[in-house]
Structure formats: C-alpha cells, structure tokens
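Please look over the sequence and the three-dimensional model below before reading on.

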Amino acid sequence: MHVARNEPNKTAIYATTLTAFFAIAGIAIVDPILPAIGSDLGATTWQIELLFTAYIAVMAIGMIPAVMLTGKFGYKKILAAGVTVVAIAAGLAAATVNIGQLAALRGLWGLGNAMFFATAMVLLVSLANDRAWAVELFETCVGLGFAIGPLIGGLLGKISWRVPFLLCSVFMVVALALSVTRLKDPEVMPARLRFSEVFQPFRKPAFVLLSVITATYNFVFFVVLGYTPIFLGLDVVPLGLVFTAWGVGLALGILVIGHRLAHRFGAVQTVGFAIVVLLGTLVGMATSHSTAQTIAFLVVAGVCMGICNANLTDLALATGSPDRRVTTGAFNLVRWGFAAPAPVVAGLLAEHASPASPFWVGVGVLAVGVVTFFVGGHVVARGAGERVAWQRVNAAAADAEGTPEEALELI
C-alpha cells in the first residue's frame, strides 16, 4: 500500500538525489573507455591512471574549502557551482588532444564533484523530515549510477571515447537545471566554519580508527576501479558489460545487503566482514589464471565494496563531530585523499613490476585495515553505540541497536 510521506521539500530532495545519480554515472561512465583513451592518445598505463588520480586528488583537497564556503554562500549555490564546473570540464574533455589536457580537465571535474558531494548529503538531511528515507534514496541513486554508468560508457564508447564525455556534460546540464529550479537551502542557514574545525573529528579515537580502515579500503577501491579495466584487456563494449556487473554488485551491496547485515550484526562487524572478503577477492584477482575468474572475483569485490559504502558513512556520522559538515569534510578528506595515489601507483607497478603487482600491493594495504579492525574495532563500535563479538563494551552501548537511522539521530 502506498504511504504518503509528510515531506514538504520532496521535490528538492528528488532533485538532489537525481543530481547524485548523474554525478556518479559521470564517474563510472569513464571506466570502460580507459583503454581506448590510452590507445588513441598514445598514453602509457600510468598516464591513463592519471585520469583517476588527478580527479580524486583535487576532489580530496577541494572538499575542505567547499565545506567552509557553505557557511558564506549556503548549500544551493555551492552545489550548483559544482555541477556547473563538472558540466564544463566534461564538455571540454571531449575535445582534448593529449593526455595532459585530459588529466587537467579531470582534475577540474574533481573540483566540481567536491563541491557537490560536500553539500548534497548535508542538504538532503537538512531538508527531509524522514532522514533515513532521504539517505536511502540518495544511496539508491548512487548505486544506480555505478550500475548504469559503465553500460552507457561501453555502448557509446564503441562510437568514440569522446561521446561518453559529451553525454556526461549533458547529464550535468540537466542536473544544473534541477539545482537552480528545484533546490533550496534549509530555513536555518549553516554557520561559518573555521579551517581548524574541519579537523575536530580526528580528536576522537573511534573516528581515527575508522579513518584508517576507510583509507585502506578506498585505496583498494580505486586500484580495482582504475586498474582492472587495463588488466582485463577487453574491448570497450565487453568491458562496459563487465563493469556493469560490478556496478550491479556494488548497488546490491549498498541498497540491499549492507543495511540488512548492519541491522542484524551491527555496522562495524558488517564492515569488518566485507573487508575480509574483499581481501580474499584481491588475492583471487592477483592469482587468477583466466579472464572469467578475474571477472567473478571483480563482481564479488563489487558486492563487498557496496556493503562497505552502505555503512562507512553512517559510522563516520556516528563517531565524528555533531556538525554534519565538519564530519563530512573530514571523512571525505580521508577517503578521497588516500584513494588519490592508488591509480597511478597501480599503473607504475604494472609497467615496472608485473600485471598482478597492483593487486598484491592492494592486499598489503587492505591488510592494514583488517588488522586495525580486529585490534580497534571495539573502539569504533563503542563510538557508534554497537558491540563486537569479541569485546565487551559499556552498558549504554550494549543497550543501543546502532542502526543507520540512529546514527543519523546522533548528529
């Protein structure tokens, strides 16, 4: 039976989540065309990987000023400016003639997305009466973007690798129209932030430990996302289909499996389970003897990544600062900052060591996250109001259920 929602800002919420879909699809659409770009522009493996590293590095750096500027200009203006930057960068990228120009435009693209992602979730939660519903809607659009983006990239990339970039630009023009006409700032505007405030969450041990786990996980995420298309050596359309399967696995992990496991076992234990299995898939890809095996491990890795994505943000909100903007800025600085070197490192290793070496380095990096989880997971659990199976926590934490909705209530 249809349930009417008491959401006076429903149109603005839908506009924000649809913009998130376009933004994520714009990221994922590039994956299947990486080999074609390298072939057309005469780029080496590590130069191709610059397209991801430039994007991620600028996004990581841009998160902090983007968060701070919300106090001066409000959420809507920063979000709309970010969408505009992405639309311009994507359009210009379609006309580039060398890999340096394309990497620079990807960096500009990353700046635009930093402005969007620094504001979108905070804006959603501020506008919604039912915060859990708004977050779930946002996650749905993110999952669909990762699932549909590679398919679009693969199909259109068969025509030319430039066509997907043009489509990204069109996506973001539509998103800009939605932002300008449908979005609105919350009634209570955010207070201005000082630079030092963004680092306040790092005073909390639970947030620091969670950041270590997140940093290792995101490094691996972009080794897989950025390097596997090169490693597989497939044509554009098959590669698009492969990463569509990966995106579907990611979406299932975000939308279905991740929260169900968290409700039953807690978000902390769920993340721990996911990174342990993800570690196994990396070993599988490093030792795989066939393309089919590699693809199978890739899809399972996508599910694990979706499970992590479904719960890490909730845990950050529960263990960070009461100011959502501060926690979002600090957490995104970690997740994108440590992810930025991964693609170029993978490319250099593939050129100078062996094709499987990026996965082995990923195994070593993620092993640090797994050890951190087993040693300090109980501290993260205590901060999130949960418990882990091998460690007793205080009575107040033992009585808490630690669901994503409750995590949102803590902010």
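Arg-335 has its place in helix α13, which covers residues 324-339; helices here (H or I, at least four residues) are DSSP runs, numbered from the N terminus. This is a predicted model, in which local features need pLDDT of at least 70 and side-chain atom pairs count only at pLDDT 80 or more, while totals for chains, interfaces and linings use all residues. Residues are numbered from 1 along each chain as its sequence is written, and side-chain values use heavy atoms, with hydrogens and water left out.

**Arg-335 and its surroundings**

- Arg-335 counts as buried because its relative accessibility is 14%, where buried means under 20% relative accessible area, exposed means over 50%, and partly exposed lies in between (1.4 Å probe, protein chains only).
- Leaving aside neighbours within four places in sequence, Arg-335 is in contact with Thr-214, Asn-218, Asn-309 and Thr-313, contact being defined as heavy atoms within 4.5 Å.

**Helices α9 and α11**

- Helix α9 (residues 205-232) packs with helix α11 (residues 267-287) at an angle of about 35°, and their axes are 12 Å apart; axes are lines fitted to C-alpha atoms, for helices over the stretch in contact, and angles run from 0 to 180 degrees between N-to-C directions.
- On the α9 side the contact is made by Ile-213, Tyr-217, Val-220, Val-224 and Phe-231, and on the α11 side by Val-271, Ile-275, Leu-278, Leu-282 and Met-285.
- Val-208 also lies in helix α9, and this residue is partly exposed, with a relative accessible area of 32%.
- Although Val-208 and Val-334 are 126 residues apart in sequence, they are 9.9 Å apart in space, C-alpha to C-alpha.

**The nonpolar core**

- In soluble globular proteins, nonpolar side chains tend to be buried together.
- The largest nonpolar core in this model has 133 residues, and those with the most contacts inside it are Ile-37, Phe-165, Phe-221, Phe-222 and Trp-246; such a core is a set of buried Ala, Val, Leu, Ile, Met, Phe, Trp, Tyr and Cys residues joined through side-chain atoms within 4.5 Å.
- Among the residues in contact with Trp-246, leaving aside its neighbours within four places in sequence, are Phe-146, Phe-221, Val-224 and Met-305.

- Met-59 has its place in helix α3 (residues 45-73) and is buried, with a relative accessible area of 0%.
- Not counting residues up to four places away in sequence, Met-59 touches Gly-110, Asn-113, Ala-114, Phe-117 and Trp-336.
- Lys-204, by contrast, is partly exposed at a relative accessible area of 36%, and its place is in the loop between α8 (162-182) and α9.
- Lys-204 touches Thr-319, Gly-320, Ser-321 and Pro-322, again not counting residues up to four places away in sequence.

**Cysteines**

- The count comes to zero disulfides, a disulfide being a pair of cysteine sulfur atoms within 2.5 Å.
- Cys-304 is in no disulfide either, since the nearest cysteine sulfur, that of Cys-308, is 7.1 Å away.
- Cys-141 is buried, with a relative accessible area of 12%, and Cys-304 also counts as buried, at 5% relative accessibility.

Definitions and conventions
Helix = DSSP H or I, 4+ residues; strand = E, 2+ residues; numbered from the N terminus.
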